[in-house]
Amino acid sequence: MTVAQQPEALNFECETGNYHTFCPISCVAWLYQKIEDSFFLVIGTKTCGYFLQNAMGVMIFAEPRYAMAELEEGDISAQLNDYAELKRLCEQIKRDRNPSVIVWIGTCTTEIIKMDLEGLAPKLESEIGIPIVVARANGLDYAFTQGEDTVLAAMAHRCPSQAPVTENEKNERNAIQKLLHFGKKKEDVVQEESEYVDHPPLVLFGSLPDPVVTQLTLELKKQGIKVSGWLPAKRFTELPVLEEGYYVAGVNPFLSRTATTLMRRRKCKLIGAPFPIGPDGTRAWIEKICSVFGITPKGLEEREAQIWAGLEDYVKLIRGKSVFFMGDNLLEVSLARFLVRCGMTVHEVGIPYMDKRYQAAELAMLEKACQEMGVPLPKIVEKPDNYNQVQRIYELKPDLVITGMAHANPLEARGINTKWSVEFTFAQIHGFSNARDILELVTRPLRRNNNLKDLGWDKLVREEAKI
Amino acid sequence: MKLAYWMYAGPAHIGTLRIASSFKNVHAIMHAPLGDDYFNVMRSMLSRERDFTPVTASVVDRHVLARGSQEKVVDNITRKDAEEHPDLIVLTPTCTSSILQEDLQNFVERAQLEAKGDVMLADVNHYRVNELQAGDRTLHQIVQFYIEKARKKGELPTTKTEKPSVNIIGISTLGFHNNHDCTELKKLMGDLGIEVNAVIPEGASVHELKNLPKAWFNLVPYRELGVMTANYLQTEFGTPYVDITPMGVVETARCIRKIQQVINEQGANVDYEEYINEQTLYVSQAAWFSRSIDCQNLTGKKAVVFGDNTHAAALTKILSREMGIHVVWAGTYCKYDADWFREQVSEYCDEVLITDDHGAIGDAIARVEPSAIFGTQMERHVGKRLDIPCGVIAAPIHVQNFPIGYKPFLGYEGTNQITDLIYNSFTLGMEDHLLEIFGGHDTKEVITKGISAESDLNWTKDGLAELNKIPGFVRGKVKRNTEKFARDRGFKDISAEVLYAAKEAVGA
């Protein structure tokens, strides 16, 4: 790449991949809540079950719409018939929960024993009459949030390819209904449509909490852009229509497989934009979508400035401070870019996997942010090595380390401020209004330590304690 | 295949990792895919560890699947050996390596050529044993390894200690109240005039293991962890062991009498009866509690008990024998050791339940409608749903079951803690009923907290839908703020857009 040769360009490295992250099957935790009529069946071992049980915490007790199909020795040695076993379990799920879709999550074990889930699913689907979507979200291939990527990529195949019969035609068939609603309805529709500019259909992809979906949809509405649908929708039965030539845009940096599937298999056009994280990212995201549709954005600059002004009390806490991302959820580049804009220096951006094409706009924006803010460009470390990173952290003494729970307490005990990275995946961080929530998270350790600073309790391990 | 979303005992490798990381300066390397190092999070979170958990993964990825681990495992072992100089590296197989069937023993032998520390392969099969069994085996394996090593070098001590002494076997990281229990046991041994020769595995160094034969006897407080090791030491060195859990007043006395017998057989000539009497009647409050009016009120109340073998059996005996409570059923998830459990509790409860299916447990609780439940975190949540109080007595547990304050379950202080736990569970339930019968503390309902009971503003459909998504406890506040915002700006209708604009305006 030409960019890489310039001295002031981002520096990409790749380490050993000995790092801590969540298993990608954790995506069931937020996806079953997002897709309300789904049931997630994780086909794996006790190890997978134990992870989910512990990672999901109290959610587990709320009769979640997820379960393990726990493989036993007979399944591994093929003494039991996979098809018959899965059929038995899926019929039980149908009986007890009657979901609109069953999502099978393939795991490391199904990969190793080469269980043909993609082959079994269509057969079983026609037999029990419930769609079965197969996603191979396993730890052999993916990290944490990439689990959602595999599920959404599989869902992309299930989006209807033709718009259903339009309202008008339906109305004609139901004359009485039409008569009853005639005057009012028509007026409403016309008025609604006129708020939008005429542009090709746009579908957004990425699972976000419903309030954030509303916020981003309204944000685009202000520019006259209509969001035709979201992948995923609240219900599986409401998956958006995807016709050839539709435009799609991602809201999260870890959705590269979904993006690829939408482009290659559904012939959609991808709008490559930075992600709407932080006011700078949100503005750039909207501007990029506007530019693709030939719309001149209105009032964005003022909007961004206004949001920044509202953030000042938080920003002043972190301005001039440094941050180190150990890397585990792929949000790192976007967060780093936002924090640079807040005046922080980023030492290192660890990241499990770096898709330079899907994240191109985001990377360019990070580079630009560093140059404009006059701070050095961070090193981007793909597949990091946690042991080496901890050594670098000891050397660099960053003001804040964003890391997983395995390292947070030990680093705190050594006087290093940490923020637990997983919170960024569960908190509402997208759009203009949620920028404050990001900073609420980032500044929490600093605010806490301001409160305790005079107590002299920084280092709580004995000197010679090793890493 | 089995449909499940909750399990009582974890997978085998968790047991091995618990043993390895309990020892000082022992490192475990898991042969596992990315994300299986969840153990580190648990240890760091639940037991609030200050130090890095000495567990790393030799990651199994696509390449390993295609070509085998080859040099990777060996490299990872020798690298860790050079970085941290552990005394021992335990290569830990997972469900993944069970199916891949790579020759891990061969990797261990190759790595041992280069490594300065010792290297061993944990002998556990994911599909045959669970967390508890694996822990028991791994502890045995490590002890055996170092005993044999010392024997080869001629470093095994041949004599017992001068005064009576004990090895306490089975205290481990992430064990239910293990650290507090350990302190209490040490105190008890001190009272009895018995030296503590070693505590394993928690906090022990593998170099101490060769001294295990010096003890007069071994004490195994928990049924699930340490029996294999104690048996091994008995066969090798004739060291007797005491495996009576000193939990509850009667069992603590029984444990102490057994210790007395064991050491008197070796010429100690001690009599602990006076000590037991003093503790029972005046130091521990549990015996007095049993006589008190408080406890009388509990007579015949129905309870159910579920947990691991050690805790469920001990609690059943305490409830029934020491407090006169009616234990309708007692159960364990240690299916592999069910006979022991049956034998222990049969005479103290109406029915014995052996299962690891949380659904069956939930149904059994609902059927019985006890006044209190004593179980794991899962039973606590069943209790919440059914409005029945629950005292947590066994793993699986959450962070609140790793208290900072001193809360042993064993020994005489343990009897006090258990008494509180039991009594508090029951009275809470009673209070609830009284409130229900007499209509609660305060029967006047608050009509409205809104500043504008009759709002002149119109909430549109989407605005209202959005408002309803906001969690109940802040909804009123958001509604008021939004209406204020709308009124200030002269909006007549409140849509979702207005709601979010108001949110931004107040900077929330």
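1. Ground rules. The model is predicted: local features need pLDDT of at least 70, side-chain atom pairs count only at pLDDT 80 or more, and totals for chains, interfaces and linings use all residues. Residues are numbered from 1 along each chain as its sequence is written, chains are lettered from A and ligands numbered from 1 in the order written, and side-chain values use heavy atoms, without hydrogens or water.

2. Domains of chain B. The assignment gives domain 1 (12–129), domain 2 (165–282), domain 3 (287–437) and domain 4 (458–507); such bounds come from an automatic or database domain assignment. The C-alpha centres of domain 1 and domain 2 of chain B are 31 Å apart. Their contact (heavy atoms within 4.5 Å) takes 14 residues from domain 1 and 13 residues from domain 2.

3. An unreviewed UniProt entry lists B:Asp36 under "binding site"; UniProt positions follow the numbering used here, feature names are shortened, and annotations may be inferred rather than shown by experiment. B:Asp36 sits in the loop between strand 2 (26–32) and helix 2 (38–46) of chain B. Helices (H or I, at least four residues) and strands (E, at least two) are DSSP runs, numbered from the N terminus. B:Asp36 has 14% relative accessibility and so counts as buried (under 20% relative accessible area; exposed is over 50%, partly exposed in between; 1.4 Å probe, protein chains only). Apart from neighbours within four places in sequence, B:Asp36 touches A:Thr47, B:His13, B:Met30 and B:Thr96.

4. Helix 14 and helix 15 of chain B. The axes of helix 14 (residues 309–323) and helix 15 (residues 338–345) come within 9 Å and cross at roughly 10 degrees. Axes are lines fitted to C-alpha atoms, for helices over the stretch in contact, and angles run from 0 to 180 degrees between N-to-C directions. The two helices are therefore roughly parallel (under 35 degrees; over 145 is roughly antiparallel, 65 to 115 roughly perpendicular, the rest oblique).

5. Across the chains. Helix 11 (residues 210–222) of chain A packs with helix 21 (residues 496–505) of chain B at about 100 degrees, axes 10 Å apart. That makes the two roughly perpendicular. On the chain B side, B:Ala496, B:Glu497 and B:Tyr500 take part.

6. Helix 15 of chain A. Nine of the ten residues of this helix (residues 332–341) are buried, so the rest of the structure largely encloses it. Among the buried residues are A:Glu332 and A:Arg337. A:Gly343 follows the helix, with a positive phi near 100 degrees.
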